[in-house]
Amino acid sequence: MKRTSKENYYLDIAQTVSERSTCLRKHFGAIIVKNDIIISTGYNGAPRGRKNCTDINFCMRDHLNIPRGERYELCRSVHAEANAIIAASREQMLGATLYMSCVDPKTGELVPHTCSCMMCKRQVINAGIEKVVVRESPDDFTVYDVSEWIDNDDSLSGKFGY
């Protein structure tokens, strides 16, 4: 029997967390882990008390044909990374790793080549998180060193999306 790697163990949990998502476009799940302890979890969905996109069956970004990674001020959802960060103390997040998985709700398939948007990158940086691990396939993942997001400030590039 082959044992699952630690990264895929945590990515499996993040993928399960994504099943709580209420977004019509993509289901993201995130968990923050430090010293092999899960600090918090988060998924994308409307703020507490507001109706979810799945409740009203409407997405403004879809309605306006906005490409992925752009115009998030029009999105009803709080992103998975932001929800995980909100649920943890900064002290717990210093030096931690955030694991993230994205699933297409229409197909149930993993969505490869996703990463945090510019807004979430800023929150990850300020939270003191050290690494972000993003699932590409059931066995493959990409590891992002958050210090590179500081050194290579994409907010100055003029490029949109993720």
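**View 1. Salt bridge between Asp-12 and Arg-135.** In this close-up the side chains of Asp-12 and Arg-135 meet in a salt bridge, with 2.8 Å from N to O; a salt bridge is counted where a side-chain nitrogen of Lys or Arg is within 4 Å of a carboxyl oxygen of Asp or Glu. Because Asp-12 lies in helix H1 (residues 6-18) and Arg-135 in strand S4, the pair ties together parts that are 123 residues apart in sequence. Helices (H or I, at least four residues) and strands (E, at least two) are DSSP runs, numbered from the N terminus. Arg-135 is buried, with a relative accessible area of 2%, whereas Asp-12 is partly exposed at 37%; buried means under 20% relative accessible area, exposed over 50%, and partly exposed in between, with a 1.4 Å probe and protein chains only. The model is predicted, so local features need pLDDT of at least 70 and side-chain atom pairs count only at pLDDT 80 or more, while totals for chains, interfaces and linings use all residues. Residues are numbered from 1 along each chain as its sequence is written, and side-chain values use heavy atoms, with hydrogens and water left out.

View 2. The structure holds four salt bridges, and one of them joins the side chains of Arg-25 and Asp-62 at 2.6 Å, N to O. Arg-25 lies in the loop between H1 and S1 and Asp-62 in helix H3, so this pair ties together parts that are 37 residues apart in sequence. Arg-25 counts as buried at 15% relative accessibility, whereas Asp-62 is partly exposed at 35%. Glu-73 forms a salt bridge with Arg-71, and their closest N and O atoms are 2.5 Å apart; here Glu-73 counts as exposed at 54% relative accessibility, and Arg-71 as partly exposed at 45%.

View 3. Seven of the seven residues of strand S3 (residues 97-103) are buried, so S3 is largely enclosed by the rest of the structure. In a regular strand the side chains alternate between the two faces of the sheet. Both faces of S3 are covered, with Thr-97, Tyr-99, Ser-101 and Val-103 buried on one side and Leu-98, Met-100 and Cys-102 buried on the other. Strand S1 (residues 27-34) runs antiparallel to S3 and is joined to S3 by seven bridges, one of the pairings being that of Ile-31 with Tyr-99 in S3; two strands pair if DSSP finds at least two bridges between them. With strand S4 (residues 131-135), S3 pairs in the parallel sense over four bridges, and Thr-97 has Lys-131 in S4 as its bridge partner.

**View 4. The hairpin of S4 and S5.** S4 and strand S5 (residues 141-145) pair in the antiparallel sense over five bridges and form a hairpin with five residues between them. Within this pairing, the bridge partner of Val-132 is Tyr-144 in S5.

View 5. Met-93, found in helix H5 (residues 90-93), is buried, with a relative accessible area of 3%. Leaving aside neighbours within four places in sequence, Met-93 is in contact with Ile-32, Ile-85, Ala-88, Ala-127, Gly-128 and Ile-129, contact meaning heavy atoms within 4.5 Å. His-79 lies in the loop between helix H3 (60-63) and helix H4 (80-86) and is buried at 16% relative accessible area.
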